[in-house]
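Please open the model in a viewer and keep the sequence panel at hand.

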Amino acid sequence: MARSSFWKKCIPVLLLVLAAAGGFYWFYWMRTPQYAAGEIYQAVTRKDYQLFRERVDLDRVYGAAIDDLTDDALRSDTDDHRLAAGLMRALKKPLVDAMIRATEREFRPDAPADPSLLTPLVDTAKTYVGSAALSLTDIFDVQEKDGKATASVKLHDGELDRDFTWKVLLEKDVNGNWTAVRVLNLREYLDQRKAAILDQKQ
């Protein structure tokens with residue numbers, strides 16, 4: 001009887017300790033860049049725009065992307081590319097806003113059309129990057145160092161039938177949650193994509 005009474009008293013305490021340990025681990029896991037990367041993947045595959053906005057700082061991502069795109073286009077020997085680059089650089093802030101609205105329509109097809117005059121520039125940027133043909137297939141190798149993290153994002157280009165990897169920078173927001181803020185190797189990706197297009201034409 002004494003042993004039975006002992007276990008009756010101990011079991012609730014053990015369960016409480018295990019629940020506390022599990023809760024601590026879960027709370028800790030939710031604060032890791034690996035967890036954030038998993039949520040980005042879920043948001044894209046499930047078309048969850050709200051979750052996507054929570055985990056991807058589109059203002060910073062698109063702002064940095066426009067800088068990279070204009071730098072790359074200005075190196076081009078095509079007048080149209082250089083003209084588009086100049087326009088994108090001059091209209092950076094409203095262009096970022098237009099790109100965010102375009103992203104919402106990709107997640108929510110029923111979202112109202114954007115009457116913005118910048119839509120042609122958005123379409124030019126999307127064509128230049130080839131984003132219409134890209135699909136997310138995996139997020140792997142999330143590395144954290146010095147308060148920042150880098151995630152390898154595997155993308156498949158359906159037109160070129162080729163895989164590419166973006167190195168995405170994640171940082172903590174004001175609430176301590178990890179969010180994607182920049183594609184670190186966008187210019188390298190653009191060079192790789194151009195080379196793949198040339199290979200396909202040969």
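Select Lys92, which counts as partly exposed because its relative accessibility is 28%; buried means under 20% relative accessible area, exposed over 50%, and partly exposed in between (1.4 Å probe, protein chains only). A salt bridge here is a side-chain nitrogen of Lys or Arg within 4 Å of a carboxyl oxygen of Asp or Glu. The pair links distant parts of the chain, with Lys92 in helix H6 and Asp67 in helix H4, 25 residues apart. Helices (H or I, at least four residues) and strands (E, at least two) are DSSP runs, numbered from the N terminus.

This is a predicted model, in which local features need pLDDT of at least 70 and side-chain atom pairs count only at pLDDT 80 or more, while totals for chains, interfaces and linings use all residues. Residues are numbered from 1 along each chain as its sequence is written, and side-chain values use heavy atoms, with hydrogens and water left out.

## The whole chain

Now display the protein chain by secondary structure: there are eight helices and four strands. Along the sequence, the pattern reads α-α-α-α-α-α-α-β-β-β-β-α. Of the 202 residues, 38% count as buried.

## Further salt bridges

Side chains of opposite charge can pair when their charged atoms come close. The structure holds 16 salt bridges; two further ones are visited here.

Select Arg182 and Asp68, which form a salt bridge whose closest N and O atoms are 3.2 Å apart. This pair links distant parts of the chain, Arg182 in strand E4 and Asp68 in helix H4, 114 residues apart. Are these two partners buried or exposed, or in between? Arg182 counts as partly exposed at 30% relative accessibility, and Asp68 counts as buried at 8%. Elsewhere, salt bridges that share partners join Arg60, Lys148 and Glu171 into one network.

Glu171 is buried, with a relative accessible area of 14%, whereas Arg60 counts as partly exposed at 40% relative accessibility.

## The largest pocket

Rolling a probe the size of a water molecule over the atoms shows where empty space is left. On a 1 Å grid over the protein atoms alone, a cavity is a set of points where a 1.4 Å probe fits but cannot get out; a pocket is an open set with protein on both sides within 12 Å along at least five of seven lines, and lining residues have an atom within 4 Å of a point. Grid points are joined across faces, edges and corners, and a volume is the space filled by probe spheres set on the points.

The largest pocket has a volume of about 990 Å³. Select Phe52, Tyr62, Glu106, Ser131 and Trp166, the closest to its centre of the 35 residues that line it. The lining divides into 29 nonpolar, three polar and three charged residues; Ala, Val, Leu, Ile, Met, Phe, Trp, Tyr, Cys and Pro count as nonpolar, Asp, Glu, Lys and Arg as charged, and the others, Gly among them, as polar. Elements that each supply at least two lining residues include helix H2 (33-46), helix H6 (92-107) and strand E1 (134-145).

Next, select His81, Tyr128, Leu190, Arg193, Lys194, Ile197, Leu198 and Lys201, which line the second largest pocket. Its volume is about 210 Å³, and helix H8 (residues 186-201) gives the most to its lining, with six residues.

Where does the largest cavity lie, and which residues line it? Select Leu69, Ala73, His81, Ala84, Ala85, Met88, Thr124, Ala125 and Tyr128 to show its lining. The cavity holds about 60 Å³ of space, and H5 gives the most to its lining, with four residues.
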